[in-house]
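Keep the structure open while reading.

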Amino acid sequence: MSSPNQSPSSEFPNPAPSPPSEPLASNIAHPPVASGFTRLPDAVIHEPADNLEFDTDDSIDVFQFNLQSLQEFREEDEESDVEDTVDDSEFRQWLKDSVGENWEEVYHQTQANSLSISDMDNICGFALHHESCMSRRVYRMMGKAFDHRMKLEQSDYLLYRRMDNLSGIQMERYDMCQSSCCAFTRPDLVNLTENPNQVYRVVPITPRLRTAWANKEMAEELMYRAFFSDEPGSIKDIVNSGHYCSLLMKQVAVDGEILPHHYFDQPTDIALGHAMDRVSLFKSRNHHSTCTPIITIIYNLSPEIRSRCSNVLINAVIPGPRAPKDTDSFMYPITQEAGVLACGVEAYNALDQNRFDMRAYYIRAFGDMVAMYKSMGMTSPGGKYHCHRCKIKGVLAPGKTTYYCPLHGPSAGDMEYDPRNLPLRSHKSFIETINELAQSSMKQERQVIARETGVSDRSYIFDFPGCDMVYSTPFDFMHLFFKNNAENQIKIWKGCFKTTIDDRDSEYILESHIWEVIGQEMVAANKTIPVVQPSLDCMVLVMERICFLVKSCVTSKLHPYGTIDQRIKRDAQLTAIKLRYNLQGRLDLSTNGFKRDNSEPKMTEKVYDDYPISALRPPCLQNFQPLDGERSRLLSYLYGYYDAKTTQGRKAIASVTPKTMMRWGKVWRLDRSEKIHGSVAMRDNNRDSSYIRYEALIDRNMHLVNEPIEFRRIICYGQLHYLIDFWMPGVIINGTYHASKHHILGFVTPCKTEGKDATSELVLYPNGPSGLQPQRFISLSSIECAVGRVKSRDRWWIVDRSDGLARTSFMDEEDSDAEG
């Protein structure tokens, strides 16, 4: 997991502290683990050392043995199953045969928890090998080319074995059906074959959560839930939703046993979300291989970082080639781990440097419609009762086989529903239906119950402490509205919907020439709407990005699932090593703009202490001299800033204002990873990201000398042309001395939007000069974000997606942004 504030370490870090051998003082009753379930391995966390010394004795180095006997495993297909099948005793025997009398010393080096010089070289090489997806041949060539500078292990087996010990992350292996029907995880599922062709692997999240708490920076990020400020009457995040608030009043229940503690009764409790989806691995029709990733979202992280791929925990990937039939069998190890986490496990908190009882609860399960009806044990989305929120009954259209749910049925005998008073489902009603299914011994009876209720089987969601079958399963907004309802609505307006539209509905059909105009306006809008990342808390989009990541892991069509498993395991291990040894900055190899380390600006950028969240970017002019009209507007801003209403005061300001200053063309918002380009830096073929939203304070009595200052806050939109950077010397105004001040100002052309907020109402302004105000300078601190525009019928409409962001803060009158 990554933190937005990461800095490279100048020294090799210490490993995180280890839990005590004695039990915790809080004697929480842990429920017995079900038979057949292997208790999850614990991450070994070690006590911190004040001065960590590194072993530089290279007389016997575990990474210097080029052992040909282990070089031959899966060289062609990148699938390394040997490392998962060799236990510790076999590893010891292999060292005896390969190394000889010094095997014990080599073994202890592979098990050591301190980092040596060769460890750091191999960790960096492992990170490069993993994130760049380079071949083993190129990796070994790099090791030979730089052998005089670093020591890269040429044996894959020893390298991976060392990463296993340093990270504390291991995968659990379970046999599974060759056709992906089920996994042999539960006691009632027995594998009758000695050599299964398919293996299902799970990466536990418990050691990963422990490692996150043991890292100080990540532990601070995990406290987002505890310090979240609730606003009455509004829902800003899942941690103040109705279901979350209802859990605060309940005691935790695991397998029917009521535990003494309540949900989220301590600030270190973790809120989790679960999702799964099915993805096709190959585009070719000859390959029908699919897989099903299972992920966990950490809601203790802020929305800005919780959905980054580096912060999403991939539990497992269910191998194909088909979709799983018994989903519960694949989810059994994960639900069992959820029960253990709900009871509490030992962990170390790097913030207060104490050990505590770490608890985590799954409170949400989401996915697309197909994945959700499988996860919830419901009938298909086209069934008679397919909604998991209400019991509205579907009807069949003439000649159709798919049910749809109108509020008013087409026939006289059909039921009519009030959308404000629908027959809602509840968690209790799901339990009643499941009990009814369990009591039915005949298959025909179960089919009738499933057809009349929409529930066909028990869901594993019941096994997540804290999950509710209704309130923990939100709707799939992307597929339901954007890909279904929106598309069907457009077809209705175009008159090409699948059902016949009679003459009385012809008023809703738009003529073809109108659609041509709409298409032209939408194409033109591509240039006036800046590239904005999708909402980081958008549920389904998280799963879509993980599916794309899983597809990119496939390097072998012969063994695709083995490469995927090893990829997610190495990714989890690399993340754990970064957090465990404070190597986030040193192992950050990303070069993409959206993946950059926001805490460290680039060489060509400039960040000032008085403007810490903004990085000025080139093009830059060192000796920029504003034109006469621009200088007069600059002086007008300074008159308002220094409250210079007298002629003498204005002359004093004009005399000390620099003639030349630095001009910047772009600014990077470090807190939001957003680029804003001034019009001077825009290119003809680029998107227009020069229009901004900013808040300002206006002095109502600016032109009244004898009236006091009376500020009012307004929301403004306008085009940013450039930014100027200069120091204002000390000056005496009205007998008061003002010390020298650093200013970064933006030169903007405001739009006539009358102070309206485009996040809550429609905001438009006329095209051309009539829709613009006189140009002016504003402070960089008042600029909030870039906005988009859509032109329609000679008017511009503002597209503002900044709802929920932090607003501009004006501390006092001297530091406020005044305009004239």
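## The second largest pocket

A pocket here is an open set of grid points with protein on both sides within 12 Å along at least five of seven lines. The model is a predicted one. Its second largest pocket has a volume of about 1,600 Å³. The lining counts 45 residues. Closest to the centre are His386, Tyr403, Tyr404, Cys405 and Asn485.

The largest share is from α15, with seven residues. By residue type, the lining of the second largest pocket divides into 25 nonpolar, 13 polar and seven charged.

How many cavities of 30 Å³ or more does a search of the whole structure find? The search finds three. The largest cavity has a volume of about 130 Å³. Its lining is made of 13 residues. Nearest the centre lie Arg208, Leu313, Asp571, Ala572 and Thr575.

Helix α18 (560–580) supplies at least two residues of this lining, as do α7 (206–214) and β8 (313–318). The largest share, six residues, belongs to α18. The lining of the largest cavity splits into eight nonpolar, three polar and two charged residues.

Strands of a sheet pair through backbone hydrogen bonds, either parallel or antiparallel.

β26 pairs with β27 (residues 795–799) over five bridges, in the antiparallel sense. Within this pairing, Val790 has Trp797 of β27 as its bridge partner.

## A hairpin and its turn

β9 (residues 345–349) and β10 (residues 354–358) also pair in the antiparallel sense, over five bridges. Ala347 stands opposite Phe356 in β10. The two strands, β9 and β10, form a hairpin with four residues between them.

Which residue in the turn has a positive phi? Gln353 does, at about 55°, although Gln353 is not a glycine. Gln353 sits in the loop between β9 and β10. With a relative accessible area of 58%, Gln353 is exposed; the cut-off for exposed is over 50%.

## Other backbone exceptions

Most residues other than glycine have a negative phi, and most peptide bonds are trans. Asn582 is an exception on phi, with a positive value near 55°. Asn582 lies in the loop between α18 and β14 (606–608). Its relative accessibility is 33%, so Asn582 counts as partly exposed.

Two cis peptide bonds deserve a look. One runs from Gly320 to Pro321, with omega near 10°. Pro321 is in the loop between β8 and α11 (327–343). Another cis bond joins Pro618 and Pro619, with omega about 15°. Pro619 is in strand β15 (residues 611–624).

Key: Residues are numbered from 1 along each chain as its sequence is written. This is a predicted model: local features need pLDDT of at least 70, side-chain atom pairs count only at pLDDT 80 or more; totals for chains, interfaces and linings use all residues. Side-chain values use heavy atoms; hydrogens and water are left out. On a 1 Å grid over the protein atoms alone, a cavity is a set of points where a 1.4 Å probe fits but cannot get out, and a pocket is an open set with protein on both sides within 12 Å along at least five of seven lines; lining residues have an atom within 4 Å of a point. Grid points are joined across faces, edges and corners, and a volume is the space filled by probe spheres set on the points. Ala, Val, Leu, Ile, Met, Phe, Trp, Tyr, Cys and Pro count as nonpolar, Asp, Glu, Lys and Arg as charged, and the others, Gly among them, as polar. Two strands pair if DSSP finds at least two bridges between them. Buried means under 20% relative accessible area, exposed over 50%, partly exposed in between (1.4 Å probe, protein chains only).
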